[in-house]
Amino acid sequence: MTRDQAREKVIFALDTGEFAHVQYWAETLSDKVGMYKIGKQLFTACGPAAVRMIQKFGGEVFLDLKFHDIPNTVAMASVEAARMGVKLFNLHALGGYEMMAKTVEALDKEFKGGDRAKVLAVTILTSSTEETLKDVGIEHTVPDMVVRLATLARKAGIDGVVASPREIPLIREACGSDFLIVTPGVRPSFAALNDQKRVMTPAEAVKAGSDYLVIGRPIGDAPDPAAAAELILGEIVAG
């Protein structure tokens, strides 16, 4: 794998609420990462302006708002997300088949088969454990739930999933090679685990079959973020 191919796989998580930070990261990492993740904190603080700032510097956006509501509400929110020109956005698979299928139907109607944002389903959060699931009344294991939700998402026409790197082989087996897998819970060899429970290194996740890696603090908290990003690319290339 070339360095450019490795770069395209890295999504930097913009874990900030400050608009000034968006331009800083867009400039600092423009040739180090392939995409920027805008989550709830930043979008709540700055709204679509954060998306536009990344796009101004030529960056692609993964809008990580994890929609979960009644089917029509999620479908309409998804159309608005896609209209912003983001590359990826997501919803919760736990919202069910109808919610996901209605979203895909609305997107296809809006863009009429043309190029549009890819929609991902969140399976089980990487901070979750078996105990977390039991606390909310889910008796299945984490891997079982991940595969169940990924399969349901594919049936509904969703383009891919967000899932722990440890579930990649199971998802590939159940959903095929053309189903996108975006993996948080990726920690380079030099970084701390923080609050992630089910993790892999970037090289391990890519080797397992991940299409994109979401990485935040190992880059953002580093003394030299650009250098940290370069180390990560080196790990991926080295395999």
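Biologist: How do α5 and α6 lie to each other?

Modeller: In this predicted model, helix α5 (residues 71–83) packs on helix α6 (residues 97–111) at an angle of about 40°, with the axes 8 Å apart. Axes are lines fitted to C-alpha atoms, for helices over the stretch in contact, and angles run from 0 to 180 degrees between N-to-C directions. Under 35 degrees is roughly parallel, over 145 roughly antiparallel, 65 to 115 roughly perpendicular, and the rest oblique. The two helices, α5 and α6, are therefore oblique.

Biologist: What pLDDT do local features need here?

Modeller: Residues are numbered from 1 along each chain as its sequence is written, and side-chain values use heavy atoms, with hydrogens and water left out. In the predicted model, totals for chains, interfaces and linings use all residues, side-chain atom pairs count only at pLDDT 80 or more, and local features need pLDDT of at least 70.

Biologist: How many nonpolar residues are in the contact of α5 with α6?

Modeller: On the α5 side you'll find P71, V74, M76 and V79, among others, and they meet α6 residues including M99, A106, L107 and F111 (contact means heavy atoms within 4.5 Å). The contact of α5 with α6 also has three polar and four charged residues, next to a nonpolar count of 10.

Biologist: How many charged residues does the contact of α2 with α4 have?

Modeller: From α2 come F19, V22, Q23 and A26, and from α4 come A49, A50, M53 and I54. By class (Ala, Val, Leu, Ile, Met, Phe, Trp, Tyr, Cys and Pro nonpolar; Asp, Glu, Lys and Arg charged; the others, Gly among them, polar), the contact of α2 with α4 has seven nonpolar and one polar, and the charged count is none.

Biologist: What about α8 and α9: which α9 residues meet α8?

Modeller: The axes of α8 and α9 (residues 168–175) come within 9 Å and cross at roughly 35°, and that crossing is right-handed. Eight nonpolar residues, one polar and one charged make up the contact. P143, V146, V147, A150, T151 and R154 of α8 meet, in α9, L170, I171, A174 and C175.

Biologist: Which residue does K37 meet in a salt bridge?

Modeller: Side chains of opposite charge can pair when their charged atoms come close. A salt bridge here is a side-chain nitrogen of Lys or Arg within 4 Å of a carboxyl oxygen of Asp or Glu. K37 has 11% relative accessibility and counts as buried (under 20% relative accessible area; exposed is over 50%, partly exposed in between, with a 1.4 Å probe and protein chains only). At 3.0 Å, N to O, the partner of K37 is D64.

Biologist: How many salt bridges are there by this rule?

Modeller: One of them joins D108 and R116 at 3.4 Å, and R116 forms another with D159 at 3.1 Å. There's also a network that links R3, K32 and E230. The count comes to 11.

Biologist: Where is the residue whose phi is near 50°?

Modeller: Most residues other than glycine have a negative phi. The residue with the positive value is K66. K66 lies in strand β3.

Biologist: Last one: which residues is L149 in contact with, leaving aside its neighbours within four places in sequence?

Modeller: L149 sits in helix α8 and is buried, with a relative accessible area of 4%. Beyond those neighbours, L149 is in contact with A93, L94, T123 and I124.

Technical notes: Helix = DSSP H or I, 4+ residues; strand = E, 2+ residues; numbered from the N terminus. Left-handed = near helix turned anticlockwise from the far one by under 90°.
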